[in-house]
Structures are given as C-alpha cells and as structure tokens.
Amino acid sequence: MDRRDFLTTSVVACSASVFGCRGTQKATVLTDADADAVASHEAGAETWKPLIDEAVGRLMGRQIQEIQQASAQGIPTGKKRICFVGVENRSAEEIGDFKEQIYEHIDTRLSQSDLYGSISRRYVEAGLREARLRPDDLFIPNNQQIFMQAMQKMNQPFDYLLFAKITSGTTRDNKKYQRDYLLTFEMVDINTGEFTKESATLRKMYRNSLR
Amino acid sequence: MFALSGCSTHAHRLASIRNDYYSGHVEKASKTIDELIVKEKQEADALKLDRAIVELTSGNPEKAEQTLREVRDRLDYLEQKDAREQILAMVKDDQSISWSGDDYEKVLIRTFLAITNLMNGGEDATAYALQVDEKQNEIIARIERDRREENSQFDFKRVALGPYIHAAMLEERHTDYDDIERSRLKVVSWETEFRDGKLDLERARHGRHSDSGNGVLYLFCMVGRGPTKVEAAEVPTQVAMLIVDRILSEVLKQELTPTIAPVKVPIVLPGRSLISSVSVLVDGEELGTTATITDVSQFAVQQSEANFPDVLARAVVRRTLKKAAMYAVKDKVGAESSPGADLALTLAGIAWEATENADTRGWGLLPDQIQVLRVELPAGPHELELNPMIGGAASGVSKTLTVQIEDGRNTYLLGTIPDTEFVGEVLTSSR
C-alpha cells in the first residue's frame, strides 16, 4: 500500500471494519409452548417458575393428606385463609424485579387452590404497618396475636401465616460453578402454633465461555 | 498541564445557561435551552437533560420525568456505534458522532428519574432505582470486557443513591427487610463516607420504619454548581500512545508514526459547593442536617479520567490520519517539486486540524453534590424551616414550608441550592 491509496482506505478501514450501523431493539411474544430464556449470570424465570410450582405443589399435597385425615376423624374442614407474609431472599444473588414476580406467582398458585384462600398483600402490608412489626417478629407468639388483632380489625382474619425463603449454595470448580437454589415455605397454624415446612430445589451450572 | 481554550463548543454555549440557572433566573435559562435545542441539533439530547433539571426545579416533576425518560431511551439507542459517524469523526471531530452521554451521565439519568418520580407519585421510583444498579453493572461488565492492560487499574465508582432510594421505598412497605438490608449494605460499601449509612443499616437489621403514630421525612438537596466539560489541549500520554499504536496496528497494514503534538480533548472540571449542608428545623426544633450521599463532581471527574486515555488516543489517531492523508495528497500532486503547492497543502492541513473541536457536550446543570436527611416525625402537618449552613453556622436564605406526615409512610422533599439560597421550588411528595 502506498500513500496514494492510504487516504481512501485507511479512514474507511479504521471505522467500517470495527463498526456497523445502529440496530433497533425488537421483541417477540413468547407462547406457552416456548421455553423460558436461561439467564447466564443468575437465576431467572427458568429457575423460579419450576421451583415455585414444585414447592407449592408439595405444600398442597401435604395439606390434602392432613385434610383427608381430619375428614376421616369427623373434624370439619373448610377453605383455610392464608396470610402470605412475603419472600425473604437469603441467596447469594440479587433477584431485583423478580422478587415481586415470585410473590405474585406463589400468591396466585395459592389462590387457585381449593384448599386455601389468600389475603390481599395490601392488607398484609397495612397490618404490618399498623402493628409496626417486621415479618420476622411474627415468629414470636405475642406478636402473632398483635398482628392477628390488626388483621381482624380490617376484617381479614386468617388461619395460617406463610413465609417463603430463598437460599443458595455455590460449589466452585475452576472456571465453572454450580449453584443450588432452594425455595422453602414455612407455614404456621395460628391457632395451634403447629409448623409445616416444604421446599424445592433446582441446580444450575454456570461457566465462562472462552473469548 | 491543560491549556484551556474557548470557542464555539457546547461548553461555551452552556456558560450563560449555567449562570442564569444557578443564580435563580430559571425562566431565562429555560428559554435559552429551548432556543438552543432547535438550533443545535447535535446538542439537543444534552440540552434536554438540562431542560429536565429546569422543569424539576420549576415544580414540574411530571414533565421532567418524561424528558429524562425520552433522553434515557435515546442514549441507550445511540450507545451503538455507527460506521458513517465514525468515519466522519475521523475526517472532522468527535462532535460528528451522535451524543450518547458519558458513563456517569447514564447512571445519573436513572438516579434523577428515581428522585423525580418520588415527587410525582413514586409508582416507578423502585424500578428506576433498580435501573441505576442495572446500568452500573452493565458499565462494569463492559469495562471488564474491554479492559486493556494499559488502564487496568480502573475502579468504577458506584452511585449509592439508587440503593438508598430503593431501601427507603421498601421500608415504607414494612415487609421486605432482607432487601432493605441488601440495599443499605450497598450504600455503606459504595459510599463509605456517608454519615448515616451505618445507622440506616442497623435499622434495616434490627429496627423498623418508624414508631407507631409516626412517619418519615426524606429531604433531598441538590447542592452546589455541578461539573463541566471544557476543551483542553493535551499532550498524548504514554498510556494513550500505547492505545493509539494498538488501534493503528489493528486496522492498518502499514506502519504509521503517531503524532505527539498536543490535541484538543474534553476534560471534566469539578464543580463547587458554597454550603456544607442544610439544617432542618421542624416546628422550631432543629432535627438535623443533610449529609452528602453522592458527590456528583467527584463521580464525573473520576469516570472521565478513567476514560481519558481512550478519548486522547482517538484524538491522536484522528490527527495522525489527517497528517497521513495530507502526505498522500502531496505525493499525488507532486508537491516535492512544487514549493507553492507544498506550502498551500501544508497550510490547508493546518487549517483542517484547526477546525477540530473537542466534544464538550454534556449534562450542564447537575449539582455538585446530592445530600439527604431522614427524620422521623409524628403524623400530621409540620412547619419546616430549611437553613443552608456553612460550617456549623446558618448562612444564606432559609426556606419555610408546611409538610404533611402520614402514619407509617414516607414524605419526600427536594430542594436545589446552587449557592447559598434555594432556586425554584422546594418540591414535596405530600398531597
């Protein structure tokens, strides 16, 4: 290449070889048949949805057994009202806007069941505000009574308190690591203080691709 | 080190707007901004950010939010490089490229969206606060990906105001204390000097939003005159020359010796604050003073310095290519045997280089600092007096207003104090 060719080639080469044109962002609507995208750096829809389905399913399954036993003994069984207090994230990841989704997914699944009726989250928040209690305060029996009174004042009595917790465990292997996600439900019978626990787990492997 | 020069750049046009706005002539500043948006198309997006600040200060958070959102989306689009613009930038200067904002501006747009939305109902403030983090993570990921050996020491300074607002919003809901703790932890680790960080974290871990019958008042103050971008003539540094060498060898087969003459580049100058804090008197009793949570100037300067070797390198590459182009033309016309043509082409080359200006487009009406204060108050109406402070003494002109505090809820206030008195309105979220 001599200097004559330089002017015509260098500037163009310098820019065009590195950059293209600006693209516009586009999106498509996914149908139920489409698989969820798999998040490359953290848990996403592909993790939380099956975890919720499995954990709620297990919780329901156990309750059905208990109701069947109660019916057999002649104890009356009706639709129980659940006060779903919230989702606590104790994992290594931030779940950002997914937290609200997780709450709503769980709440919707519970509402759809024949066993339970759930209380609107707005009432739960109002009750906690009125009683000035933190969710973790509700494990203390006295606080449970204070909260129950606050909810009753709003005509929202309940039978169970439900807490959801997300935890994670990470196993590292050079450039890849496995993360186990665990969704745990803790349900407290407000009348007897009896405690039920169910959980579901999902494992995910992350690896760095070569540049 | 820097030889500053003033000519027909964005910085030059912005000077009068800054003076008008900061000295309280908000309407005049607004009028000039609107005129320039029409006249200077290439600067319109940067000017719209200034307009958003003016709209916010004038008591119109709804419009300010709309403007900020529009610019945020446009800058996201313009972040992608366009070959035509890049070629033009090599022929002319970086002002030929559509302005997509510096990293600090992209983060601050989202920060201001969160604050603005708090004054406008607050329905989207949590989303905007999360976007502050998201954008910072995206920038850090890009830096990690593009990191060169030459500037490997770069450490991204994060803005803690996003998680601060996120935590404040969540606290009001009385449920997600785990998320509140995470956000408060971010504030403490990102803004280690923030006075109230540890207290807030302690409350997230063991306390509650407020006592029964009380609510919380958050005061946000935009303090001081913010950073500015100006043009400077800078001698290429060793780091910049290494980057230049790399760029040229990546795209050209022929060896080309880069020029080491000073080139015009934009630099960010820090702003300044006259007051140190704002004291808050409620019903005649002093309840505290604001503390700095985001040093906007420091953030902007640090970000700009981190990217400076690349900016400098691009200017050197442009200068080198221009010189090489002139040599090519001289070769073609046989200037060696014609002293007249040689002189004419040399002068043309000098003129070509002289038309170059640094790209000083940027957000011009930012504050120097963002300060905050959180106070718990009994529910009901309260008389508030806000006093600008210098050191420990009240100085400047105070502002009084009435706010309504709601039981178990947050009320937000926003004031702007470029010098020693409030400019425009003090906005309140209380209805």
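Colleague: How many helices and strands does the secondary structure of chain A come to?

Modeller: Helices and strands are DSSP runs numbered from the N terminus, where a helix (H or I) needs at least four residues and a strand (E) at least two. The secondary structure of chain A comes to five helices and five strands, and along the sequence they follow the pattern α-α-β-α-β-α-α-β-β-β. Please keep in mind that this is a predicted model, in which local features need pLDDT of at least 70 and side-chain atom pairs count only at pLDDT 80 or more, while totals for chains, interfaces and linings use all residues. Residues are numbered from 1 along each chain as its sequence is written, and chains are lettered from A and ligands numbered from 1 in the order in which they are written.

Colleague: What share of the residues of chain A count as buried?

Modeller: A residue is buried if 20 or more other C-beta atoms, placed from the backbone, lie within 10 Å of its own, exposed if 12 or fewer do, and partly exposed in between. By that rule, 26% of the 211 residues of chain A count as buried.

Colleague: Which residues touch the most other members of the largest nonpolar core?

Modeller: A nonpolar core is a set of buried Ala, Val, Leu, Ile, Met, Phe, Trp, Tyr and Cys residues joined through C-beta atoms within 7 Å. The largest one here has 102 residues, and those touching the most other members are Ala114(B), Tyr164(B), Ile165(B), Phe220(B) and Leu413(B). Its largest share, 13 residues, comes from helix 12 (residues 296–333) of chain B. A second, separate core of 38 residues includes Ile82(A), Phe147(A), Ala164(A) and Leu183(A).

Colleague: How are helix 2 and helix 3 of chain B oriented to each other?

Modeller: Axes are lines fitted to C-alpha atoms, for helices over the stretch in contact, and angles run from 0 to 180 degrees between N-to-C directions. Angles under 35 degrees count as roughly parallel, over 145 as roughly antiparallel, 65 to 115 as roughly perpendicular and the rest as oblique. The axes of helix 2 (residues 26–39) and helix 3 (residues 44–57) of chain B come within 9 Å and cross at roughly 155°, and these two helices are therefore roughly antiparallel to each other.

Colleague: Where is Asn155(A) found?

Modeller: Asn155(A) is found in the loop between helix 5 (141–153) and strand 3 (160–173) of chain A, and it has a positive phi of about 60° although it is not a glycine. Asn155(A) is exposed, with 7 other C-beta atoms within 10 Å.
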